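These are my notes from a first look through a structure that I had not opened before. I kept to a few places and wrote down what I looked up at each.

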Amino acid sequence: MLSFVSFPQPTDYDYHSTTRHHPDVGDLMDVDDLDTTAPKLTYPGETVTSAHDSMRGHGTYVDKEQVIASVAGSVERVNKLVTVRAVRTRYNPEVGDLVVGRITEVQPRRWKVDANGRQDAILMLSSVNLPGGVQACRFPLSYRRKLESDELQMRTFFEEGDLLVAEVQAFFSDGAMSLHTRSLKYGKLRNGQLVIVPSALIRRLKSHFISLPCGVDLILGLNGYIWVNKHVQDSDHGEEGFDAEAVYSNQNDDIDVATRSAIARVSNIIRLLADHFVPLTDTRLLEAYDWVVEQEVDTKDLIHGDVGDALVAMVGNNS
Amino acid sequence: MTSLSKAEKSYIQSSLLSDPPLRLDGRSLEDYRPIALETGVVPLANGSAKVCIGRPGRGGYVQEAGGVGGGTEVVAGVKLEVAGVGDGEGGGKVACTVSCSPAAYPSLSSNALDDLQSDLTILLESVLSHPSLRPNNLVIVPGKKAWAVKLDAVVFADGGNVVDCLMLACRAALWDTKVPLTKWVEYRAPRRHAAQGDVGMDVDVDEEAGGGFETKGESRATDFELTDYWDEGEVLSGRESWPVCVTLNVLSNIHFLDAKLQEEASVPLRMYVMYAFPRGKPILQTFRLIGPEVSTIDQLRGLIKRAESYARNTWTGLEAKLKDEEARRGVKAREKFYGRLG
């Protein structure tokens, strides 16, 4: 028999039966002073401060001489400027960020990439590694000039739907980000699956390429896209340059069942932590994985409730 | 619908075909994600339900960026409207409409979204509007007026398996529907006062609520009025014969249930099988094949057999949950009532 559950009731069960006031009429609303150092959270429509002694920034609006939050998030204040940084938002790129993206469109000399930003990112043909010309060049990377023939066979490098890992190189004048994959670490992704979490949960780490001891590699894109794949031997090609066949291949390697189930387990742990809005770091993921293995939790039970709370409590206690 | 790279697709397929078969989130082939259901979510509808497959525990956040990996959420509502009955019609039509929120399909253009909506509407209409399933207590004034059932379903988020979710929500909403009680009103030529030259019309109210005692009354009943009744009305008759849907995703010789979007994108063949089990007797209502793959009759026969047992699982679960919901709402309504008194 298939079991159905109920929707969780709001903890504040009297919410609908009590009388509430709109901020406009509630003169009981006290204007909070922002001098306290603790981060303050707002909900949309909450009065943040008076408009007389502050300026409104992003995520706020002014109504009846009061600065009111328009999003749910944390209040930040720089001198007189009050902004609210939304909890759930699109990814705000910065130069040098590592992102994972998906090709949405092939255009003349460029690819459009979905990277969870407000606009599609752009990957220029000139900012990817092109095959060939490696021998002629002393550099480990093939900095060869792009040719007309490359423009005609762009789909042999990346086609629609392909996933790639790249770095934010620059911004265009309209704010769209420009990506590059000119490193051996970057390029097309295979041998695994994608997990999407809110981008706020990915902190800037020393390295976003994480190797877990269970034979699983992770790429934590700062845009919230996480690639979970089978561990690959790094420095495979070393200094000799790169193997275009392997870099732009669509073929997966042979992956054994143990690795596949480890990938599924890691993915579910990530989803679970993201569900509970726990920021993801390498140590936290490792701890969580060890705990799950130690407690012999079945992978599919991770998505079914109770185990999740225990796991999150454990991770919360240790960090 | 979802774009998937070749490597992802082959990873999903080879995992499914490996031994033991493995899915993206570690479920076995016949496992569903957690399903949450609630009836009576739309206060102004005669019956309504909300169903959410996958991560219902986290409040309203079923949607991840791009719709990938989140859950599927559908709200269905039934509104009864008074409609005239034409000559020779039984009365009491069921009309279905499915609308998809653009937020559920951010990658689709508005034309593609319209196509999808009409596809789902046609699928639903062909099942639920079938004359064999028409409830027979929708008639208000025989031959003149009847309740028309307008069933509207909205897809708020699509994380895969949207048809199963739609059917669960529609079935729950129809189950929840209460038909308001009505009385016929008939205009009768005055008999007693006729001699005194009274030319006015007397209004008489038929005491039977849609009853069949007064057979000759049929021709005279012209209008109706709503009775003042403690409850919202009576349930639709034959509500146990609305079907549930099971979607089988077929990949070579295996099949699995409740696919996520990525899994849906990587299987070549899908089967929608809709079963109803009124009084335990299985009735196959609809069977559809979607996808480019070919399959043999023998294979289909086996799959339909399996689908029946899956559907029975879903059916018993849903039936139990709907009874729970009715009990829960009964308790809630009583508390509210006593709360008002006290």
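I began with a pair of helices, and I noted that α3(A) passes α4(A) in a right-handed crossing. I kept in mind that I was reading a predicted model.

For the geometry, I looked up both elements in chain A: helix α3 covers residues 257-275 and helix α4 covers residues 282-294, and the two pack at an angle of about 115° with their axes 10 Å apart.

Next I asked which residues of α3(A) and α4(A) make the contact. On the α3(A) side I found R265(A), V266(A), I269(A) and L273(A), while α4(A) brings L285(A), A288(A), Y289(A) and V292(A). Sorted by class, the contact of α3(A) with α4(A) has seven nonpolar residues and one charged residue, with no polar ones.

Is N92(A) buried, exposed or partly exposed? It counts as partly exposed because it has 14 C-beta neighbours inside 10 Å, and a residue would need 20 or more to be buried and 12 or fewer to be exposed. I also checked N92(A) against M177(A), and although the two are 85 residues apart in sequence, their C-alpha atoms are 9.7 Å apart in space.

Last, I took an overview of chain B, in which I found five helices and 15 strands. Chain B has 342 residues, of which 41% count as buried. Among the contacts in chain B with a separation of 6 or more, 73% are accounted for by residues 24 or more positions apart.

How values were computed:
Residues are numbered from 1 along each chain as its sequence is written. Chains are lettered from A and ligands numbered from 1 in the order in which they are written. This is a predicted model: local features need pLDDT of at least 70, side-chain atom pairs count only at pLDDT 80 or more; totals for chains, interfaces and linings use all residues. Helices (H or I, at least four residues) and strands (E, at least two) are DSSP runs, numbered from the N terminus. Two residues are in contact if their C-beta atoms, placed from the backbone, lie within 7 Å. Axes are lines fitted to C-alpha atoms, for helices over the stretch in contact, and angles run from 0 to 180 degrees between N-to-C directions. A crossing is left-handed if the near helix is turned anticlockwise from the far one by less than a right angle, and right-handed if clockwise. Ala, Val, Leu, Ile, Met, Phe, Trp, Tyr, Cys and Pro count as nonpolar, Asp, Glu, Lys and Arg as charged, and the others, Gly among them, as polar.
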